[in-house]
Amino acid sequence: MIRRLALVQHALFLALVTIGVWRALATGAAVPALVGAVALLLLWYAVGARRASAGPGGGPHLSAGGGAQRRVGPGGWWFLGLVLAWLLAVAVSPEFIWVAFSLWLLAGHLLPFRVGVAVSVVVLAVVVARPWPGGLTVAEVVGPAVGMVFALALSRGQQLLVRDGLERERLVTSLVAAQEETEVLHAELAEVQRSAGVLAERTRLSRDIHDTLAQGFSSILLLARAGVATQDQAAERRLLAQIETSAAEGLDEARRVVGALAPAPLESGLVEALTRIVERFASETGVAGEVRVEGDVAALPPVVEVALLRVAQSALANVRQHARASSVVVTVAEAEDSVRLDVVDDGRGFDTATLARTGDVSRGGYGLRASRQRLRELGGGLDVESEPGAGTAVSASVPLAQATDAGQEAGA
Ligand SMILES: Nc1ncnc2c1ncn2[C@@H]1O[C@H](COP(=O)(O)OP(=O)(O)OP(=O)(O)O)[C@@H](O)[C@H]1O
Ligand SMILES: [Mg+2]
């Protein structure tokens, strides 16, 4: 569109010069002077033809943003040169005043508005001042003046068109850039989500392996050692049966951990699951075990049940491995908007401060940390109270409303 406008402009200039030459020849102008003046005019025009076009960079008083410049640019100076060449041609033959229409058009888009108007008025003065046959009439002033105003208005309109075009181009460019940026961000986000998912899955696996398989193996190991040590055949058979049960449960848990299924004991609810693992614990270790229930804990969200069961399993494994206790009590209690699980033993206890300082995962010490993290993910927490010689109390709590939301978010 803009290029077509420029072509029309060039064609108009050529046509007006041609009319000038034809009329000059008809009115008997001096041919050598005419050829010189026209050659200069066309040559000067050709040199700056690109500038004379209205395209981007062609209209030099349009900045990239489409705003008007206030100073005369290179195109403006070229145009002033063109006006001089035209004045020379008019001096050779007044018939060249026709070219003024082209000059007014160019003035509109090559010069800052005010300078453009001033130069146009000068050109108008030259046109009007030419010797009119039969003296100057009102029509001979008004005609060119209307032509000038029309040309200026036309180039102004053209200008707005160019500005719109530039603005649109800028908008499209920035839209495309924004879209590309969004795509990159999308890809990054997907990658972050993917790696977060991988990490969460790894954490889930390692915690579940710790709370089920590792504890199963350690219980099998203890039972097997007891079997090796005993001479009593009945005791041996009992230990073997316990080993078999532990191994079968371990196998089942292994399949569930890998398949990310709910823990097997939970199929009939948290309290029953706790009762079962405490009974097993008592029969295998000889430590007296008891489950207490306070309040209504029948309808807990599954994520909360899984977390509390794992915490209990991990705590009972600690009692078995570290406490040398004679009894352990597991309590599930429902408060107004949270649920609590306590595992309290009367064993030898330990110094919690030392553990906090030296908590080293590579040498065990994973269990309490994993339990705490599991509970935090549900908005809850873990308290461990212990002193050497004074038993240990592990207390887990999970707020109920929040836990359900977090669990749903984690898709657990
Ligand atoms: N009931 C308890 N009685 C005595 N000491 C305990 C008891 N529970 C935990 N501890 C002490 O706290 C430490 C940390 O327990 P945690 O369960 O985090 O790790 P771990 O049992 O040593 O190893 P892991 O659980 O990773 O197999 C234990 O090593 C033990 O010293
Ligand atoms: Mg442990």
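Which residues come nearest to ligand 1? In this predicted model, they are His210, Asn318, His322, Gly365 and Leu368, out of 15 residues around the ligand.

Start with the backbone contacts. A polar backbone atom of Leu368 is 2.8 Å from an oxygen atom of ligand 1. Tyr366 also brings a polar backbone atom to a ligand oxygen, at 2.9 Å. For Gly367, a backbone N or O atom lies 3.3 Å from an oxygen atom of ligand 1. On its own, ligand 1 has 590 Å² of accessible area, and the protein covers 82% of that.

Now look at where the shell comes from. Two elements give two or more residues to it: helix H10 (302-323) and helix H12 (367-376). H10 supplies the largest share, 4 residues. By class, the shell holds 9 polar, 5 nonpolar and 1 charged residues.

Next, turn to the empty space inside the protein. Rolling a probe the size of a water molecule over the atoms shows where such space is left. With a threshold of 30 Å³ or more, the count is 2 cavities. Which residues line the largest cavity? They are Ala107, Gly108, Phe113, Gly116, Val117, Leu152, Ser155 and Arg156. Helix H5 (100-110), helix H6 (113-129) and helix H7 (138-229) are the elements that give two or more residues to this lining. Its residues divide into 4 nonpolar, 3 polar and 1 charged.

Methods
Residues numbered from 1 in each chain as written. Chains lettered and ligands numbered in written order. Predicted model: local features only at pLDDT ≥ 70, side-chain atom pairs only at ≥ 80, totals over all residues. Heavy atoms only, no water. Near = heavy atom within 4 Å. Polar contact = N/O pair within 3.5 Å; in protein donor to acceptor, adjacent residues only side chain to side chain. Areas by Shrake-Rupley, 256 points an atom, 1.4 Å probe, with all protein chains shown as cover. Nonpolar A, V, L, I, M, F, W, Y, C, P; charged D, E, K, R; others polar. 1 Å grid on protein atoms, 1.4 Å probe; cavity = no way out; pocket = protein on both sides within 12 Å on 5 of 7 lines; lining within 4 Å. Points joined across faces, edges and corners; volume = space filled by probe spheres on them.
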